[in-house]
Amino acid sequence: MNPDPTHPPSSARFLAGLWTTVKLLVVVVICVLIAILMMSSTQATETPARATNGSITPGSAIKITGAIPTPPATPAAPQDVLIPGKLIYVKGGTIYMLHQYDLPVPLAVGREPSVSPDGTHLAYVAFTKNYQDLMVLNIQQRTSTKLLDNNLADPQNAGTGMTAAQPTWADDGKSIFFSWSYPGSPYYCGLTSGCALPAPWAERTDLTVTRCPVTGPCSIATARSLTQPYFESGGDYEPAPRLADPRYLVYAKWQYQQARDNTSRSLPRLQALDLTNNTEVALTDPLDNVSEPVWSPNGRYLAFVKTSGDLQSSSIWIMAFHPPGRIADYTHAHLLVSGTQLAGHPVFSPDGKYLAYLQQAADGHLHIFIARIHLGPNPHIDAPQMVKRPDIVDGDHLAWTQ
């Protein structure tokens with residue numbers, strides 16, 4: 001009798017069930033192994049440590065635990081010019097300082113800043129209605145002291161207030177040069193007779209280049225008058241002691257001239273003064289309207305401003321200086337900034353690699369510009385860049401320190 005194929009014997013059914021169970025167990029084991037491998041991949045990895053001599057040390061490792069930090073986002077490109085060192089300027093009658101990419105920092109209320117050779121102090125002029133005082137600021141402490149008090153000598157006479165202007169530090173930092181209306185012109189009362197006002201209040205319209213010790217206070221007793229301005233010409237301005245050379249001082253002397261347009265006007269020219277023997281040499285043509293002298297840090301070059309006859313434009317030039325000064329150097333001066341617009345108040349960076357200056361921009365206002373400068377036989381500057389942070393600035397002096 002043949003067996004029924006639809007009903008296999010019990011032994012066959014047992015073997016089939018066992019085979020199915022084994023297959024299920026194999027699948028479960030494989031799944032468990034895969035899960036274990038996936039979990040282990042999220043654990044900390046080990047990286048071979050690099051020996052100090054540059055080779056891999058076998059068996060050593062640096063374990064990195066936790067999540068790997070996300071690298072910081074790359075900062076956006078700076079939106080303004082890098083200022084090497086600290087550039088000082090005036091805006092709205094307040095003195096500000098710029099450093100690298102930082103925002104402007106206010107220092108003091110005043111004008112005509114000049115920084116000390118060590119960069120710790122700032123000389124400036126404090127303006128009032130009838131007189132101007134000379135101040136010295138401790139930059140770190142933000143405290144000012146009065147070096148020269150020009151308050152009214154006669155409280156009832158506003159004309160007795162005196163004027164201080166354009167301070168500049170001596171290279172040793174021990175004294176300050178500036179323009180002062182006292183003693184002023186050599187024709188002031190005391191040297192001549194017939195003064196209508198009591199001495200020393202008469203004929204003080206012309207400013208004289210003066211020197212005072214920084215220890216102060218500065219007064220007629222401690223000040224030393226260095227120049228003799230032409231009577232009622234405007235006076236002597238912008239003293240610039242030669243850097244690294246205490247012997248020479250350059251300044252702008254104003255004198256009435258028959259200008260090239262046949263008008264009579266007071267025009268400035270540059271003078272080199274030998275402080276050891278009080279002799280002077282003219283450095284520029286008296287009809288060329290040259291002013292605002294500034295030295296390169298090595299004292300070999302003198303930058304200056306030349307203003308057009310119609311006073312509608314000014315340009316920045318540079319020339320070599322050979323002691324005791326000679327006008328022949330002026331004939332070989334090089335143009336740095338074109339005179340198609342107003343440009344002025346140049347200043348060198350402390351390392352002599354850059355030149356900053358003011359110039360009238362397309363908006364018709366004065367802005368700060370900075371350019372890389374190349375000195376040598378053919379001085380010139382690279383394409384200038386406008387410093388955007390200050391925006392519009394006053395037509396006032398710039399100063400630069402480390």
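Between which two strands is the loop where N278 is found? The views below come from a predicted model, and the first one takes up this residue.

**View 1. N278 and its positive phi.** N278 is found in the loop that runs between strand 16 (264–274) and strand 17 (279–282). Although N278 is a residue other than glycine, its phi is near 65°, a positive value. For context, most residues other than glycine have a negative phi. N278 is exposed, and its relative accessible area is 51%.

**View 2. Q166, a buried residue with a positive phi.** Here is another residue that is not a glycine and has a positive phi, this time of about 55°. Q166 has its place in strand 10 (residues 164–169). With a relative accessible area of 12%, Q166 counts as buried, because the cut-off for that word is under 20%.

**View 3. The cis peptide bond from G216 to P217.** Take a look at the backbone here: the bond from G216 to P217 is cis, and its omega is near -5°. P217 sits in the loop between strand 12 (208–213) and strand 13 (224–225). As a reminder, most peptide bonds are trans.

**View 4. The cis peptide bond between P323 and P324.** Two prolines, P323 and P324, are joined by a cis peptide bond with an omega of about 0°. The loop that holds P324 lies between strand 20 (314–320) and strand 21 (334–337).

**View 5. The largest pocket.** This pocket has a volume of about 840 Å³. It is lined by 37 residues, of which S114, T168, L243, V294 and V347 are the closest to its centre. At least two lining residues come from each of strand 6 (111–115), strand 10, strand 14 (236–241), strand 18 (290–295), strand 22 (343–348) and strand 27 (399–401). Sorted by class, the lining of the largest pocket holds 22 nonpolar, ten polar and five charged residues.

**View 6. The second largest pocket.** The volume in this view is about 400 Å³. Of the 22 residues that line the second largest pocket, S291, E292, V305, T307 and S314 are the closest to its centre. Strand 14, strand 16, strand 18, strand 19 (301–307) and strand 22 each give at least two residues to this lining. Which strand gives the most to the lining of the second largest pocket? That is strand 16, with four residues. By class, the lining of the second largest pocket divides into ten nonpolar, nine polar and three charged residues.

Conventions: Residues numbered from 1 in each chain as written. Predicted model: local features only at pLDDT ≥ 70, side-chain atom pairs only at ≥ 80, totals over all residues. Heavy atoms only, no water. Buried < 20%, exposed > 50% of the residue type's maximum accessible area, 1.4 Å probe, protein only. 1 Å grid on protein atoms, 1.4 Å probe; cavity = no way out; pocket = protein on both sides within 12 Å on 5 of 7 lines; lining within 4 Å. Points joined across faces, edges and corners; volume = space filled by probe spheres on them. Nonpolar A, V, L, I, M, F, W, Y, C, P; charged D, E, K, R; others polar.
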